[in-house]
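Subject: Two-chain model for your review

Dear colleague,

I am passing on the structure below, followed by my notes on what was found in it. Please read the notes with the coordinates open beside them.

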Amino acid sequence: MDILFRQYFLLFPFVILFASGCATTPYDYTEFENSKPRSIVVIPPNNSSLEVNAPYIYLSTLSRPLAEKGYYVFPVSVIDYFFKENGLPTPAEMNNIPLDKIGEHIGADAVLYINIEDWGQKFQVISSVARVQANLKLVDVKTGKLLWESIAQAKKSSDDGGGGLLGAVVNAVVTQVLASTISDPTPGLARQANNVAINNQMRGMLDGPYKQPSLTTE
Amino acid sequence: MSLGKWIMLPLCAVLFVSGCATNKEMYYWGEYEKLVHDSYIKPGSADPQMQIEKISTDIQKSEALSKKVAPGIYAHLGFLYAIQGQQSESKEAFMEEKALYPESSIFIDGMMSRAMKNESSN
């Protein structure tokens, strides 16, 4: 009985390895390569999380990694203002704009659609966990084809620093006090999440036209 | 044991060097992300005039580093000037965005023609 249990126990990590191995199979870039977008308009994100500020916090972190990846990124605040001025007050409505209208008025090659799945800090007795998770979909404006999709996610736990139970309690208290005053960990986590999703070797975005081949040789 | 250490050392060095190489950015971003964030999340903390000053300073810093001004920065500046009613400064910034990034032409031309209509109807 005991031996049988141990065998199953040993099998378990292999199952995990196998499953995560499946998730990192190389991405099919056929549509992305056919489309070769030069410019991306980021639509203010849809929000399925409980944090009402999540869409605009997240929006403020996306221009930089996309531009550094080599794309022309339309100015996010100006685009948001333009939509609002044209009778679309919330991200939910902005996400339903027909692609031909985006082509006609903005002239973008691709649209980045985002759905925020999880956002914010949860406090437990001896720890707190901050988490961001969003689905990203890059769509060709002319053909409507999906060029690329990914999940951007990052998590930070107050007891990541170690220090045992007492350390965890102290950390949790400090984190909660900080969270109630100034420091919101979500923009930093979102940057980490974006960096992994966009620049991942196996299934990140392809380089855009402004990406310099080698920055190390300057 | 000591062999293991000697193998780890170059490995760490490689990781460190490649880490540096990938951290290099094409553009200077300065206050832009914070301004976008604060204008939504902390209403009143990033009024147009203050944003104009910070973005203009960032553009100077970017030029001092001989980096190209990042996508959207001049368009954002032109938009802020338009809100402030400074039409010639607005136009100048929009033209700059178009010159740097022709991908912005359709959107910028649309904004400029709407701004002109608003001006003539006032």
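A:Lys36 is partly exposed, because 13 other C-beta atoms lie within 10 Å of its own (a residue is buried if 20 or more other C-beta atoms lie within 10 Å of its own, exposed if 12 or fewer, and partly exposed in between, with C-beta atoms placed from the backbone). A:Lys36 sits in the loop between helix 2 (30-35) and strand 1 (39-42) of chain A, where helices (H or I, at least four residues) and strands (E, at least two) are DSSP runs numbered from the N terminus. The phi of A:Lys36 is near 45°, a positive value in a residue other than glycine.

Before going further, some conventions: this is a predicted model, in which local features need pLDDT of at least 70 and side-chain atom pairs count only at pLDDT 80 or more, whereas totals for chains, interfaces and linings use all residues. Residues are numbered from 1 along each chain as its sequence is written, while chains are lettered from A and ligands numbered from 1 in the order in which they are written.

On confidence, chain A averages a pLDDT (the predictor's confidence in each residue, from 0 to 100) of 85, and 75% of the residues score at least 70. Over residues 15-22 of chain A the pLDDT is below 50, and this stretch has zero contacts in the model beyond near neighbours in sequence; a contact here is a pair of residues whose C-beta atoms, placed from the backbone, lie within 7 Å. Where pLDDT is low, the predicted coordinates should not be read in detail.

Chain A

Chain A has nine helices and six strands, and of its 218 residues 37% count as buried. Among contacts in chain A with a separation of 6 or more, 72% are between residues 24 or more positions apart.

Strand 4 (residues 110-123) and strand 5 of chain A run antiparallel and are joined by 13 bridges (two strands pair if DSSP finds at least two bridges between them), with A:Val111 standing opposite A:Val139 in strand 5. A hairpin through four residues connects strand 4 of chain A to strand 5 of chain A. Strand 5 (residues 128-140) of chain A also pairs with strand 6 (residues 146-157) of chain A, in the antiparallel sense and over 11 bridges; in strand 6, A:Lys156 is the bridge partner of A:Ala130, and A:Glu149 stands opposite A:Lys137.

Chain B

Chain B has six helices and zero strands, and 27% of its 122 residues count as buried. Of the contacts in chain B between residues at least 6 apart in sequence, 47% join residues at least 24 apart.

B:Glu97 belongs to helix 5 (residues 87-100) of chain B and counts as buried because it has 27 C-beta neighbours inside 10 Å. Not counting residues up to four places away in sequence, B:Glu97 touches B:Tyr74, B:Ala75, B:Gly78, B:Ser104 and B:Ile108. B:Ser66, in the loop between helix 3 and helix 4 of chain B, is by contrast exposed, with 7 other C-beta atoms within 10 Å, and its phi is near 45°, a positive value in a residue other than glycine.

Where the chains meet

Which helix of chain B gives the most to the side of chain B that touches chain A? In total, 25 residues of chain B are in contact with 25 residues of chain A, and helix 2 (32-41), helix 4 (73-83) and helix 6 (105-121) of chain B each supply at least two residues of that side of chain B. Helix 2 of chain B gives the most, with six residues. Within helix 2 of chain B, B:Tyr32, B:Leu35, B:Val36, B:His37 and B:Ser39 are buried, and what covers the buried residues of this helix includes helix 3 (54-59), helix 5 (76-85) and helix 9 (186-199) of chain A, together with helix 3 (48-64) and helix 4 of chain B.

The largest nonpolar core has 65 residues, of which A:Ile40, A:Val41, A:Val42 and A:Tyr58 touch the most other members; such a core is a set of buried Ala, Val, Leu, Ile, Met, Phe, Trp, Tyr and Cys residues joined through C-beta atoms within 7 Å. Helix 4 of chain B gives the most to this core, with eight residues.

With best regards

Notes: Two residues are in contact if their C-beta atoms, placed from the backbone, lie within 7 Å.
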